[in-house]
Every structure is written in structure tokens, then in C-alpha cells.
Amino acid sequence: MDTEKIIELLNIDFRHELEATMMYTYNAFVIEDCDLSRLTEGIAADEMRHMWWLADLITKRGGRPSMEIGTVEYLGEDIIEGLERQIQKETEGIEEYERQIEIIDDDEVTGVLRHIIDEEKRHRKEFRERLERLR
Ligand SMILES: [Fe+2]
Ligand SMILES: [Fe+2]
């Protein structure tokens, strides 16, 4: 796979991480439950760290991270719906990273993507546990 294509894929990831950072940061501001708010804030910081790792891979290969952003669905009145959306965001990320690991033949990139997947799985588990408690 040529470098340009790798940069293109990493920029898809970068945008998803940017969206997750924005969604979780906002949600942490408006969630009243203290434990859930602090958890979501901490995970927002993890997502921003993922942006750093991806930006590093992108710039090292001569690219620039893309700050274009898709639609971010921020938390409304329904906390359960909001948590389900956060879980969905993690699942979409995991699926995209897994897809990319299969096709990218660059060990440094796939190593970082694997590490990110581990963290996204932990995020999803944390959100699922909170969702169970609310049900
Ligand atoms: Fe992430
Ligand atoms: Fe995550």
C-alpha cells in the first residue's frame, strides 16, 4: 500500500477521534451524574491522545492531519440514548481500525492501531457497565 493511501486511511481515523473527543467533552459538561461525567471526561482525554498518535504517524509520512469534522450527535435529554451513542461510536472505531489492520502493511502503523483498539474496547466496556447500572 502506498504512503498516500495510508495517510488517507489515518485521516479517516483522525476525524473519528476528533468527533469522539468533541462528543465526549461536551457530554461530560452536561452529564449530571458525577461518576459518569468524570469517566466521560477522562475518555475524551484518551481520544485526544489518540489524535496525537495518529497525527504523529501522518506527519512522519509527509501528510497533514485533517480537521474536517462529520456530524457530531451531542447528548440530548436522554442519558441512556447518549450512552448508547457513545458505545456505538466506540464500536464503529474498533471496526474501522480492525479493517485497516488487515490491509495496511506498515508495522509501525498497525502497532499503534492495535494499541488504540485495546483502549477503545476498554472504553466500550466502561460505557456498557454504566448503561447496565442505569437500566
Ligand atoms: Fe479513540
Ligand atoms: Fe474510545
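User: What is the handedness of the crossing of helix 1 and helix 3?
Analyst: This is a predicted model, and in it helix 1 and helix 3 cross in a left-handed sense.

User: At what angle do the axes of helix 1 and helix 3 cross?
Analyst: At roughly 165 degrees, and the two axes come within 11 Å. That makes helix 1 roughly antiparallel to helix 3, since angles over 145 degrees count as such.

User: Which residues in helix 1 meet helix 3?
Analyst: On the helix 1 side they are L9, I12, D13, H16, A20, M23, Y24 and N27. The helix 3 side supplies G82, Q86, K89, G93, E96, Y97 and Q100.

User: And which residues of helix 3 are buried?
Analyst: G82, L83, Q86, K89, E90, G93 and Y97. These buried residues pack against helix 1 and helix 4.

User: How do helix 3 and helix 4 pack, then?
Analyst: Their axes are 9 Å apart and the angle is about 160 degrees. Helix 3 and helix 4 are therefore roughly antiparallel to each other. The crossing of this pair is left-handed.

User: How far does helix 3 reach from its first C-alpha to its last?
Analyst: Helix 3 runs over residues 79-103. It has 25 residues and reaches 37 Å, close to the 36 Å expected at 1.5 Å a residue.

User: Where does UniProt put the coiled-coil region?
Analyst: The UniProt record, an unreviewed entry, places "coiled-coil region" at residues 80-107. In the model that stretch is 89% helix and 0% strand. Its end C-alpha atoms are 39 Å apart.

User: Which residues does the domain annotation cover?
Analyst: UniProt's "domain: Ferritin/DPS", also from an unreviewed entry, covers residues 7-135. Over that span the model is 81% helix and 0% strand. The end C-alpha atoms of the span lie 41 Å apart.

User: Switching to helix 2. How many residues has it?
Analyst: Helix 2 has 27 residues, 34-60. From first C-alpha to last it reaches 39 Å, close to the 39 Å expected at 1.5 Å a residue.

User: What follows helix 2?
Analyst: G62 comes after helix 2, and its phi is positive, near 90 degrees.

User: Which helices do the buried residues of helix 2 pack against?
Analyst: Helix 1, residues 3-30, and helix 4, residues 107-134. The buried set in helix 2 is L36, T40, I43, A44, E47, H50, L54, L57 and I58.

User: Are helix 1 and helix 2 roughly parallel or roughly antiparallel?
Analyst: They pack at an angle of about 160 degrees, with axes 8 Å apart. Helix 1 and helix 2 are therefore roughly antiparallel to each other. Helix 1 passes helix 2 in a left-handed crossing.

User: Back to L36. Why does L36 count as buried?
Analyst: L36 counts as buried because it has 21 C-beta neighbours inside 10 Å, and the cut-off is 20 or more.

User: What does L36 touch?
Analyst: Leaving out residues up to four places away in sequence, L36 touches I31 and R130.

User: Now D2. Where is D2 found, and is D2 buried or exposed?
Analyst: D2 sits in the segment before helix 1. D2 is exposed, with 7 other C-beta atoms within 10 Å; 12 or fewer counts as exposed.

User: How far apart are the C-alpha atoms of D2 and D105?
Analyst: They are separated by 9.3 Å, although D2 and D105 are 103 residues apart along the chain.

User: Last one, E126. Where does E126 lie?
Analyst: E126 lies in helix 4. It has 18 C-beta neighbours inside 10 Å, so E126 counts as partly exposed.

User: And how far apart in space are E126 and K60?
Analyst: The separation is 33 Å, C-alpha to C-alpha, for two residues 66 apart in sequence.

Definitions and conventions. Residues numbered from 1 in each chain as written. Chains lettered and ligands numbered in written order. Predicted model: local features only at pLDDT ≥ 70, side-chain atom pairs only at ≥ 80, totals over all residues. UniProt positions renumbered as here; feature names shortened; annotations may be inferred. Helix = DSSP H or I, 4+ residues; strand = E, 2+ residues; numbered from the N terminus. Expected span 1.5 Å × (residues − 1). Contact = placed C-beta atoms within 7 Å. Axes fitted to C-alpha atoms, helices over the stretch in contact; angles between N-to-C directions. Parallel < 35°, antiparallel > 145°, perpendicular 65-115°, else oblique. Left-handed = near helix turned anticlockwise from the far one by under 90°.
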